[in-house]
Amino acid sequence: MGQWRQVLPDLDTEPIGVIGRLTRCAALLRQASDAPLAREGFSRPEFDILSALRREDRELTPGRLARETYASATAVTKRVRTLEERGLIERRPDARDRRVAHLSLTAGGRELVDRIMPEQVAYERSLLVGLGEEERDGLARMLGELLRLLESRQEASAGARR
């Protein structure tokens with residue numbers, strides 16, 4: 001921000017203080033928090049698919065998984081194929097529309113998520129050491145508000161394109 005003030009002194013750089021820091025934190029957290037997953041042979045996006053299926057605890061379509069994980073349909077298709085080949089996800093064609101697939105975790109997929117999640121959460125907790133409980137709660141609350149704002153803008157934008 002200081003560098004921008006030197007180059008463009010009339011520019012209000014206040015948004016950089018939020019967006020720039022969030023972007024940098026996201027990149028650093030992605031690198032750090034993926035470590036336990038990488039040890040298990042998974043990428044974060046693949047684990048997001050498994051986690052979404054486990055959280056919902058029911059069959060989901062690829063379209064619903066794309067919305068849950070903020071991924072493109074193409075990316076979800078590729079990840080699902082990989083996870084299916086590993087025996088973690090199973091696909092059931094829709095009885096009325098063969099173009100629609102219903103995806104669910106296999107027993108092995110469920111066991112894997114249930115085994116990895118406690119380690120992943122503990123690791124993520126260790127990344128936040130240094131922030132007190134009130135700071136973590138306040139940060140989570142503010143990020144939740146920002147997320148709701150951004151999601152509502154995205155939904156409005158998607159609605160306008162239709």
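**Reading a pocket and a helix crossing**

Author: The largest pocket holds about 1600 Å³ of space, a volume being the space filled by probe spheres set on grid points joined across faces, edges and corners. This is a predicted model, in which local features need pLDDT of at least 70 and side-chain atom pairs count only at pLDDT 80 or more, while totals for chains, interfaces and linings use all residues. Residues are numbered from 1 along each chain as its sequence is written, and side-chain values use heavy atoms, with hydrogens and water left out.

Reader: Which residues are closest to the centre of the largest pocket?

Author: A pocket is an open set of points on a 1 Å grid over the protein atoms alone, where a 1.4 Å probe fits, with protein on both sides within 12 Å along at least five of seven lines, and lining residues have an atom within 4 Å of a point. Here 33 residues line the largest pocket, and the closest to its centre are Leu 22, Cys 25, Ala 26, Leu 29 and Leu 143.

Reader: Which element gives the largest share of the lining?

Author: Helices are DSSP runs (H or I, at least four residues), numbered from the N terminus. In this model α2 gives the largest share of the lining, 9 residues, and the elements giving two or more residues are α2 (14-33), α4 (44-56), α5 (62-69), α7 (107-127) and α8 (133-161).

Reader: How do the axes of α4 and α7 cross?

Author: Axes are lines fitted to C-alpha atoms, for helices over the stretch in contact (heavy atoms within 4.5 Å), with angles from 0 to 180 degrees between N-to-C directions. The axes of α4 and α7 come within 10 Å and cross at roughly 115°, which makes α4 roughly perpendicular to α7 (65 to 115 degrees). Among the contact residues are Phe 47 and Leu 50 of α4 and Ile 116 and Met 117 of α7.

Key: Parallel < 35°, antiparallel > 145°, perpendicular 65-115°, else oblique.
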